[in-house]
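Biologist: I am new to this one. Can you walk me through its charged contacts?
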Amino acid sequence: MHSLLVIEPAGTESPAEARSSGSPDSILSSCGYVVGTAASPEQAAPLIGDADAFILNLPVTDISSWRALLVRHKVAPVLWWCTPLTSTLSVSACGDDIMVDGILSPAMKSPEIHWMLHFSSRQCFERKQWLKEREQLLSRIEERKWIDMAKGILSQAKKISESEAYDLLRKQAMNERKRIVDVATSIVKVYQMLQDQTKENSI
């Protein structure tokens, strides 16, 4: 991790606090990082691509909207820069479900900052992998639902067992060079359409 983008909207810190606690860009620069700063989405846009992590020096209440904007362009860890001011402004959001990969503060020493950035990066990409696996699992569950419905329809229509119905689906998919779920979906939709027409005709 080398380049960091600090989001620090104008007015986040008073001059007195900046002098006493140190601004995030100066502290992180002194730790050896290349730091870019932005106060608006327009300023952040050209800097996002080069950033290895995003540091949000703002109240917790603003994190979700900024995080959504940043990770839409690039998947990278998002950390909250916690100062007396940003924490005070965040009291109302204590019960909110705010997603960040780590927390940094002006009181941290260089090794602590390095390790927090390291662990936040691991957490970010582990979550990305978990979300990918979750999406794949949900997709398989959805596919299984269509296949099970198609098996039930074929089993009832042809008076065969569900295992035999599955064999029919598999053979048809091979013949048509399609996935089984695509064949199953077509069968279910045609069946549902016929059922709807039957209901309309009976009214």
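Modeller: This is a predicted model. Start with a network of salt bridges that links E143, R179 and D182.

Biologist: How many salt bridges are there by this rule?

Modeller: A pair counts when a side-chain nitrogen of Lys or Arg is within 4 Å of a carboxyl oxygen of Asp or Glu. By that rule, the count of salt bridges is nine.

Biologist: Which residue forms a salt bridge with E126?

Modeller: Look in helix α6, residues 110–158. The closest N and O atoms of the pair are 3.8 Å apart, and the partner is R122.

Biologist: Is R122 buried, partly exposed or exposed, and what class does its relative accessibility give?

Modeller: Buried means under 20%, and exposed means over 50%. R122 has 45% relative accessibility, so it counts as partly exposed.

Biologist: What is the N to O distance between E142 and K145?

Modeller: Both residues lie in helix α6, three residues apart. That is about one turn of the helix. E142 is partly exposed at 36% relative accessibility, and K145 is partly exposed at 39%. Their side chains meet in a salt bridge, N to O, at 3.1 Å.

Biologist: K151 and D148 also meet in a salt bridge. Which residue of that pair is buried?

Modeller: The two are three residues apart in helix α6, so about one helical turn separates them. D148 has 35% relative accessibility, so it counts as partly exposed. The cut-off for buried is under 20%. With a relative accessible area of 13%, the buried residue is K151.

Note on methods
Residues numbered from 1 in each chain as written. Predicted model: local features only at pLDDT ≥ 70, side-chain atom pairs only at ≥ 80, totals over all residues. Heavy atoms only, no water. Helix = DSSP H or I, 4+ residues; strand = E, 2+ residues; numbered from the N terminus. Buried < 20%, exposed > 50% of the residue type's maximum accessible area, 1.4 Å probe, protein only.
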